[in-house]
Amino acid sequence: MGGMITATFAQKVAAAKIPAAVKTAFAKNHPGVKVSWEMEKQNYEAGFSLNGKETSEVYSAAGSLLETEVAIKTSEFPAAVMLKLKGMKVAEAAKITKADGSVSYEAEVKGKDLLFDAKGNPVKP
């Protein structure tokens, strides 16, 4: 198994460093859920398990939920997205729901995250 492993390194953050507004918002949405925190640019990402699926939510420093990302099987992609990924090896798949309700799908291919809307159109991150 040679080759380089490329990954996006989000920075793990101690819960003590998370703004109270962020912790309060998360606790309100998911009471009693065990969570690990990471910094994502200037936002805070909560990683946890929900209904047996790896889930992450991104919050602004003010505690606003910006997006929710849920790990899915590649077979759960919409057909239009599956067509775009035909013949590609997808390492990880996720469904991302923004605060405004818009949904996009993320496929990690060769260490890069490809984003698509439900119609299979590429989406800028």
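**Close-up views of a predicted model**

**View 1. Glu40 pairs with Asn43 across a hairpin.** Asn43, in strand 3, is the bridge partner of Glu40. The model shown is predicted. Strand 2 and strand 3 form a hairpin, with two residues between them. Lys41 sits in the turn and has a positive phi of about 55 degrees. The two strands run antiparallel and are joined by five bridges.

View 2. Asn43 belongs to strand 3, which spans residues 43-50. Its relative accessible area is 16%. Buried means under 20%, so Asn43 counts as buried. Neighbours within four places in sequence are left aside here; Asn43 then contacts Glu38, Val58, Tyr59, Ser60 and Leu66.

**View 3. Strand 1 beside strand 2.** Strand 1 covers residues 11-13 and runs antiparallel to strand 2. Three bridges join this pair. In one of them, Gln11 is partnered by Met39 of strand 2.

**View 4. The buried face of helix 1.** Helix 1 covers residues 20-29, and Val22, Ala25 and Phe26 in it are buried. Seen down the helix axis, the buried residues fall within an arc of 95 degrees, so they line one face of helix 1. They pack against strand 2 (36-40), strand 3 and strand 4 (53-59).

**View 5. The exposed face of helix 1.** This face is turned away from the buried side of the helix. Ala20, Thr24 and Lys28 are the exposed residues carried there.

Methods:
Residues are numbered from 1 along each chain as its sequence is written. This is a predicted model: local features need pLDDT of at least 70, side-chain atom pairs count only at pLDDT 80 or more; totals for chains, interfaces and linings use all residues. Side-chain values use heavy atoms; hydrogens and water are left out. Helices (H or I, at least four residues) and strands (E, at least two) are DSSP runs, numbered from the N terminus. Buried means under 20% relative accessible area, exposed over 50%, partly exposed in between (1.4 Å probe, protein chains only). Contact means heavy atoms within 4.5 Å. The arc is that of the directions from the helix axis to the C-beta atoms. Two strands pair if DSSP finds at least two bridges between them.
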